[in-house]
Amino acid sequence: MGNRQLLVIIRSVINIFWILQLILLFVLFVYTLLLVLNVDFFDVDVLKGFKIHFSKIEFIQPLIFNGEEYNFNLTNGEGRLHVENLQQNFIYYRLFAAFIDTFLYLLILYFLKKIFNNLTDNDYFIPENGILLRKIGFTIIALALLPEIIHYFTDLQVAKYISIENVILKTEFNLDVQTLLLGILVFVISLVFLRGIELKKDQELTI
Amino acid sequence: MPIITNLDVQLAKNKMSLTELSERVGITIANLSILKSGKARAIRFSTLELICKELNCTPGDLFEYSPD
Amino acid sequence: MPIITNLDVQLAKNKMTLTELSNKVGITIANLSILKSGKAKAVRFSTLESICEELNCQPSDILEYVEN
């Protein structure tokens with residue numbers, strides 16, 4: 001398979017992701033709108049459940065295994081908490097994090113689309129690609145940090161205002177190390193790329 | 001850029017055009033234009049030699065340093 | 001080589017060593033040595049600029065054209 005064919009295929013995949021993210025953004029928007037308007041035709045309480053993370057849930061009723069009873073608990077999980085008629089804003093914090101997440105993904109895909117447009121135009125070693133790569137690096141770093149920061153503060157609020165017997169809500173900061181490292185990697189690659197372009201320019205402008 | 005290129009001055013003194021110089025020293029007009037306009041980042045000594053020889057001048061006539 | 005560099009002369013006039021110049025202008029000793037010894041094939045204008053600034057001289061003091 002030629003280099004060019006590969007480029008076209010990857011560009012199509014990026015375009016599909018782009019459309020999917022746009023749909024997701026639209027769904028999030030409609031979802032938020034339904035919540036804010038508190039419409040009758042839709043059971044808003046279904047929407048109002050919001051994600052919680054828990055460290056431990058202990059059960060009073062024992063578990064039965066092969067006719068024998070055992071004490072048991074659930075640890076380190078997440079689920080959707082539905083509370084009837086609760087006037088709370090937790091779900092809006094979660095939605096805000098989701099909006100930022102989607103927005104950052106769209107931004108990365110937008111930069112990628114631009115790079116691939118340049119590549120299919122046979123513009124490989126140009127400063128614009130380096131700058132786009134650097135922006136992608138920054139955006140991936142933001143993607144690793146921003147939504148998690150919002151989740152962390154939401155978790156703190158939830159744990160502060162909601163208490164459930166036998167349930168310990170989790171309020172730890174989950175740093176996404178892999179994504180963070182990926183962002184740093186892309187950033188470093190962009191620096192090397194930009195330096196390479198500078199050297200090439202030096203070479204070309206040595207008369 | 002505090003290093004000023006006076007290629008245009010030397011060309012005028014010798015009543016020579018960039019095209020003529022290009023033909024005589026065998027450096028493309030594009031490259032000589034870059035040099036003349038001050039967009040060049042570095043100069044090869046071989047180029048400097050050819051230009052100096054052709055225009056009967058010294059490197060000091062071509063380049064000038066003026067502090068900001 | 002008809003283009004000769006007089007970096008050593010200018011350094012002597014300023015009572016400066018190559019190491020001192022290297023530290024002041026931020027160009028490696030290796031690169032300055034190449035320039036000083038006449039092994040350089042080209043010179044960056046940025047290098048010329050920082051040397052001129054530091055040694056209080058003109059490009060003509062550093063670069064010279066001598067006919068064969």
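**Exercise 1. Two helices of chain B**

Task: Determine how the axes of helix 2 and helix 3 of chain B are oriented to each other.

Solution. Step 1: Helix 2 (residues 18–25) and helix 3 (residues 29–37) of chain B have axes that come within 9 Å and cross at roughly 120 degrees. Here helices (H or I, at least four residues) and strands (E, at least two) are DSSP runs, numbered from the N terminus. Axes are lines fitted to C-alpha atoms, for helices over the stretch in contact, and angles run from 0 to 180 degrees between N-to-C directions.

Step 1: Angles under 35 degrees count as roughly parallel, over 145 as roughly antiparallel, 65 to 115 as roughly perpendicular and the rest as oblique. Helix 2 and helix 3 of chain B are therefore oblique to each other.

Step 2: The crossing of these two helices of chain B is right-handed. A crossing is called right-handed if the near helix is turned clockwise from the far one by less than a right angle, and left-handed if anticlockwise.

**Exercise 2. Confidence of the model**

Task: State what kind of model this is and how confident the predictor is.

Solution. Step 1: This is a predicted model, in which local features need pLDDT of at least 70, side-chain atom pairs count only at pLDDT 80 or more, and totals for chains, interfaces and linings use all residues. Residues are numbered from 1 along each chain as its sequence is written, while chains are lettered from A and ligands numbered from 1 in the order in which they are written.

Step 1: pLDDT is the predictor's confidence in each residue, from 0 to 100. Chain A has a mean pLDDT of 90, with 98% of its residues at 70 or more; for chain C the mean is 88, and 97% of the residues reach 70 or more.

Step 2: Where pLDDT is low, the predicted coordinates should not be read in detail. For the complex, the predictor gives an ipTM of 0.83 and a pTM of 0.78.

**Exercise 3. Two helices of chain A**

Task: Describe how helix 1 and helix 3 of chain A pass each other, and which classes of residue make their contact.

Solution. Step 1: The axes of helix 1 (residues 3–37) and helix 3 (residues 90–120) of chain A cross at roughly 155 degrees and come within 9 Å. The two helices of chain A are therefore roughly antiparallel.

Step 1: Helix 1 of chain A passes helix 3 of chain A in a left-handed crossing. Their contact comprises 20 nonpolar, four polar and two charged residues. Ala, Val, Leu, Ile, Met, Phe, Trp, Tyr, Cys and Pro count as nonpolar, Asp, Glu, Lys and Arg as charged, and the others, Gly among them, as polar.

Step 2: Leu7(A) lies in helix 1 of chain A. The C-alpha atoms of Leu7(A) and Thr120(A) are separated by 6.9 Å, although the two residues are 113 residues apart along the chain.

**Exercise 4. A sheet in chain A**

Task: Work out the strand order of the open sheet in chain A and identify its edges.

Solution. Step 1: Two strands pair if DSSP finds at least two bridges between them. Strand 1 (residues 50–58) and strand 4 (residues 73–81) of chain A pair in the antiparallel sense, over eight bridges. Among the bridge partners in strand 4 of chain A are Arg80(A) for Lys51(A) and Thr75(A) for Lys56(A).

Step 1: Strand 1 of chain A is also joined to strand 5 of chain A, by three bridges and in antiparallel fashion. In strand 5 of chain A, Val167(A) is the bridge partner of Ile57(A).

Technical notes: A residue is buried if 20 or more other C-beta atoms lie within 10 Å of its own, exposed if 12 or fewer, and partly exposed in between; C-beta atoms are placed from the backbone.
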